[in-house]
Amino acid sequence: GDSRVFPAGRWLRKLSLDEFPQFLNVLVGQMSVVGPRPHMTEHDEIFAEAMTAYPIRGFVKPGLTGLAQVNGLRGQTEKPEDIVRRVERDLEYIENWSVALDVRIVYLTVLQ
């Protein structure tokens with residue numbers, strides 16, 4: 001509903017193609033393909049207040065996709081419970097990381 005978004009931008013967002021330029025960040029090593037999705041810096045402070053374990057996410061590189069996203073926790077967070085559920089999936093990813101988990105997440109991302 002943002003009036004600043006042009007029609008082609010809405011189409012790109014709907015198909016998640018607006019994320020494609022982030023592959024450049026992967027190529028230069030600033031991001032990984034799978035990991036906790038990055039948030040805006042100002043949101044980090046708000047999210048850290050909602051859940052004390054939030055800063056643990058910073059121990060790994062952010063990713064283009066993650067366990068939270070393939071479990072339906074993508075987009076804007078509207079309630080503190082949304083933040084907690086997303087961070088719980090991010091921490092689950094960090095605690096259970098494996099190549100097989102990354103492959104599964106990429107597969108599920110493509111399906112979505």
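Visitor: Which helices and strands each supply at least two residues of the lining of the largest pocket?
Guide: Keep in mind that this is a predicted model. Helix 3 (41-50), strand 2 (63-65), helix 4 (67-70) and helix 6 (99-111) each give at least two. Helix 6 has the largest share, with three residues.

Visitor: And what volume does the largest pocket have?
Guide: About 1,100 Å³. Of its 28 lining residues, the closest to the centre are Arg 13, Glu 19, Arg 37, Leu 64 and Arg 74.

Visitor: What's the lining like by class?
Guide: Twelve nonpolar, ten polar and six charged residues.

Visitor: Switching topic: how many salt bridges turn up in the whole structure?
Guide: Three. In one of them, the side chains of Asp 90 and Arg 57 meet at 2.6 Å, N to O. Asp 90 is in helix 5 (residues 80-95) and Arg 57 in the loop between helix 3 and strand 2, so the pair links parts 33 residues apart in sequence.

Visitor: Are Asp 90 and Arg 57 buried or exposed?
Guide: Both are buried.

Visitor: What does Asp 82 pair with?
Guide: Arg 85, with the closest N and O atoms 4.0 Å apart. They sit three residues apart in helix 5, so about one helical turn separates them. Asp 82 is buried at 18% relative accessible area, while Arg 85 is partly exposed at 42%.

Visitor: And Arg 89, which residue is its partner?
Guide: Glu 92, at 2.9 Å between the closest N and O atoms. Both lie in helix 5, about one turn apart. Arg 89 is partly exposed at 24% relative accessibility, and Glu 92 is partly exposed at 33%.

Terms used:
Residues numbered from 1 in each chain as written. Predicted model: local features only at pLDDT ≥ 70, side-chain atom pairs only at ≥ 80, totals over all residues. Heavy atoms only, no water. 1 Å grid on protein atoms, 1.4 Å probe; cavity = no way out; pocket = protein on both sides within 12 Å on 5 of 7 lines; lining within 4 Å. Points joined across faces, edges and corners; volume = space filled by probe spheres on them. Helix = DSSP H or I, 4+ residues; strand = E, 2+ residues; numbered from the N terminus. Nonpolar A, V, L, I, M, F, W, Y, C, P; charged D, E, K, R; others polar. Buried < 20%, exposed > 50% of the residue type's maximum accessible area, 1.4 Å probe, protein only.
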